[in-house]
Amino acid sequence: MADHPLVCVVDDDESIRESLPPLLRELGYAAAAFSSAEEFLAANQIAGTKCLILDIAMPQMSGPELQTELKARRYDIPVIFITANGGASLNGLIEQGAIACLLKPFTDEALLKALKTALS
Amino acid sequence: MALECDLLSIIDGIPGLVAILTPAGKLEAVNSQFSEFCRLSLEALRNWTVNGTVHPNDIARIGPVFAHSTSTGAPYEYEYQLRRFDGVYRWFQVRGNPIRASGGDITQWIVLHTDIDERKRLEDRRWRANEQLALAQRLSATGSFTTDLIADEHVWSDELYRICGLEPGAKVTLQRFRDIVHNEDLSTFDAVVERSIGGHDADFEFRIVTPRGGLKHLHAAARLSDNAEGRPIFMGAVQDITERKVAENALRKSEHYARSMVDGIPGMIVVLSADGGVEYANAQTLEYFGKTVEEMNQWRLNDVCHPEDLARAIELFGRSMETGETFDYECRSRRHDGVYLWHRTIALPFRDPNGTITRWYNLLVDIDKRKRAEEAFAASEAELRRAYNSFRDAQRLSKTASFITDLLSDDHNWSDEAFRIFEFEPGSKVTVERIRALVHPDDLLSFNDVIQQGGRGADVDFFFRIITTSGALKHIRGIAHVIELVEGRPMFVGALSDVTESKLIEEALKASEALLAEGQRLTSSGTLRWRIADDDITWSNQLYHIFGFGPGTAISLERIGSRVHPDDVPMLYDMVGRARSGAPDFEYEHRLLMPDRSIKYLHLVGHRSEDAEGRLEYIGAVQDVTKSKLADEALNQARSELAHVARVLTLSALTASIAHEVNQPLAGIVTNSNVILRMLAANPANVEGASAAAQRTLRDASRASDVIARLRSMFTRKEPSIECFDLNEAAREVMALSLSSLQRNGVIVETELADNLPSVDGDRVQLQQVILNLIVNASDAMIGITDRQKRLAVRTERCADEDVRLSVEDSGVGLNPETTSRLFEAFYTTKTSGMGIGLAISRSIVESHHGRLWAVPKDNGPGAVFSFSIPTRARPSA
């Protein structure tokens, strides 16, 4: 399935985990969802992941911490952050190497544009 | 003349002891009274200074007086004690006068002894004598006997045997005794025995010839002691008066001699006939009265005797004439110059051999001084007793010390309390000098003044400080009252008290008054007293200063009103009305508009009180808080800005929270909607997938609404802090916080908090937020009201069903019936600012306390009443 790159979603919110993978598949990607950073790290799919869609605020390891952890493990996976908190400072995350920060709720066009950048 | 030959008997009849001395002072003769008194021979009497006849204590004193007179010829006078035959000393007043021959040489001294023993006893307050004792003593004389005439049995004392020259213990019979009686006296003796057998007492003189042939003059007295069955038993005394008789006979040698003696007696002698007419008066008497014997004879009719004493004198003398008893009466006698002096008149009857009274011999002794001393003594004693009683009471009550002081002799009788105050050893000797040594140096002058004043016999009232040996400073206050025990010698009765404590309090009070005035000046505060009944208002100086009125100008409510800022005048009237209705305390802040248009802010606290007559009055303190008010204004400004910032922050925090919780399901909804659109647009359309996505969309939408519900419940889901508290107290705290803000907005606040309100269980802070919210709303509802007073009332009361209710009533815009139901919805507001969530949150708080919150229009006039009620502890929660 080389023409269907794997996009993984990590979010503690069930609405996102359930709604985002069907959309990604409609857009021509393979998709997998995880409810926490720890669950993602435990799964055997890091190497095959072409793009990560990460929730910023999660109960245990946060999105940016997972990004740092992956860099430490020498995985260079493009990351798209999503958040429901409009007050959060997002510019810093771009500087840290994120592809984009999307505020929930976001449009499919915004998502598609970020994915194309990540996978180009 | 008959009178001349009687003079000798006059001397013997004088009821006093008379001694006649040679010019050199040697005893020459004594009268019968004298020798009867001493029963000593003339020889023995001449040695009276060494044989104890004169009391040894008196010799040293009278010796010089006596010696002086014999060398100068001056009359003398002294008092001394003379020993009676029975060994008893009696006090005599002695007056010695010289008798001079025509050439002026002294021929004799005639010395009159007047018995003053009773007076002495009185003075010494050692009255013990009584008539019976005196009689018994007299009867227990050396020569005593007991006789039964019928049985002819006689018991003699040894002395009697000696007197009669008989062998002591020898058998005595009447006949044996009669054998030695002088022949010439036998008839008298027999007559006496005859009378005695009849039971009559006897008193007679007779002569005996002792077996050795000696002639003796005897004086016998017998008293009936028992007369059982007609058998009289006599007890009696027999006295050898031989020497006296010899002396008497010697005296009789010269009529002239006797007369001069009578006239020389330093006392008044009057001889009365048996019927009381004056037969003779000596020279001193006539000189004293300034009357002739004929005039003296009219003593019952004229002014010789004081009119007040005359009737009694006549009565007593009449009785003596009947009974023959000694007449002894004290009365006032008129001196030639019209002055009445007290005299004691002693009259003894003189009887002829038949026992018939023929004359009365009177001796008038001047007792005026004694009498006056007695009166003064009695008066002062009564006064002393009164004074003592009252002082003793006072002392007990006031812990005051008392004293009796004789300043002249520096003699002080102190109560124990006085010693305690001065820290002297109790009972130690007190002197003025010793007291003076403790007196504070600054008070020495006034102390000396008091002592001087007292020395002059004036009552004194003094105050001085002392420093005791222990170093304590004491304030002593006292008074002393003169009680004149002895003429010209002031004695004081007084009281002392240690007033240190009250003095210190007084000083502290003075200091605190000064401190108060200074404090008022420094704190720009004044005080006032306002008596409601007549609107009598008293101001402190500082208050005049604050109002800018001239000190002391009359203060009325109108005058105060003229200074109060026009906007605050309603508040003034409100205060006046409340005070007149007897409100316990009130507190106001209002402004003054000064003549220079400047504004002063005053803070007034009034406290209800009563004046001395029980009239309602208020004591108030007024502080000029302009400076702090201006600072407050700035602070309030800052506070309200801060409150605004805090509200914005709270709001934004709330917004972010709401946004986060809502955006999550919204993100799901948006994403699912995109999935649906794409699945339905595919060829063929993925209806099944779209349908599943639509299901998820619905679920997310309900999730979003759940978030809102959860948000609201967050207000009540906080950890409740339940405590038992007093709703009145909680309300007062809120009032205190908001009072200044309300008053700044021109709102008049009334509180009516019910007594005995039961405690409630709940979150005190949350309920206070509710109260604060209701008050702020009420205040806001009155913004812009100009046609009526802005009134806000906070009430608490107890409801029937064990609930308590708190209401906040305003006179604001009131409620719109159409919108009342929406009042408690969140975000509903009629205000131009604010979020309108206050009432919603308030209601949720009240409901979490199992209570309810509601609003009704005000009963009378425009306005609204917001109330909540919550159950008390007593009511079990549902």
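At 30% relative accessibility, E423(B) lands in the partly exposed class, because that class covers whatever lies between buried, under 20%, and exposed, over 50%. Keep in mind that we're looking at a predicted model here. To find E423(B), go to chain B and look in the loop that runs between α16 (416–422) and α17 (432–436).

H850(B) is another non-glycine residue with a positive phi, again about 60°. Its spot is the loop linking α27 (838–848) and β31 (852–857) of chain B.

In chain B, N683(B) and P684(B) are joined by a cis bond, with omega at about 0°. P684(B) sits in the loop between α23 (626–681) and α24 (687–717) of that chain. Chain A has a cis bond as well, running from K104(A) to P105(A), with omega near -10°. Here the proline, P105(A), belongs to the loop between β5 (100–103) and α5 (108–119) of chain A.

While we're in chain A, let's take in the whole chain. It has 5 helices and 5 strands, and if you walk along the sequence they come as β-α-β-α-β-α-β-α-β-α. Of its 120 residues, 49% are buried. Take the contacts in chain A with a separation of 6 or more, and 61% of them are between residues 24 or more positions apart. As for the surface, chain A exposes about 5700 Å², with carbon and sulfur atoms supplying 49% of that.

Now back to chain B for a sheet. Strands of a sheet pair through backbone hydrogen bonds, either parallel or antiparallel. Which is it here, and in what order do the strands lie? This open sheet has 5 strands in the order β7-β6-β10-β9-β8, with antiparallel pairing. At its edges are β7 (153–156) and β8 (202–209) of chain B, each with a single partner strand, so one side of each has no neighbour in the sheet. From one strand to the next, the twist averages 25°.

For a closer look inside the sheet, pick β6 (residues 144–148) and β10 (residues 233–240) of chain B, which pair in the antiparallel sense over 5 bridges.

Methods
Residues are numbered from 1 along each chain as its sequence is written. Chains are lettered from A and ligands numbered from 1 in the order in which they are written. This is a predicted model: local features need pLDDT of at least 70, side-chain atom pairs count only at pLDDT 80 or more; totals for chains, interfaces and linings use all residues. Side-chain values use heavy atoms; hydrogens and water are left out. Helices (H or I, at least four residues) and strands (E, at least two) are DSSP runs, numbered from the N terminus. Buried means under 20% relative accessible area, exposed over 50%, partly exposed in between (1.4 Å probe, protein chains only). Contact means heavy atoms within 4.5 Å. Accessible areas come from the Shrake-Rupley method with a 1.4 Å probe; for residues, only the protein chains shown count as cover. Two strands pair if DSSP finds at least two bridges between them. Axes are lines fitted to C-alpha atoms, for helices over the stretch in contact, and angles run from 0 to 180 degrees between N-to-C directions.
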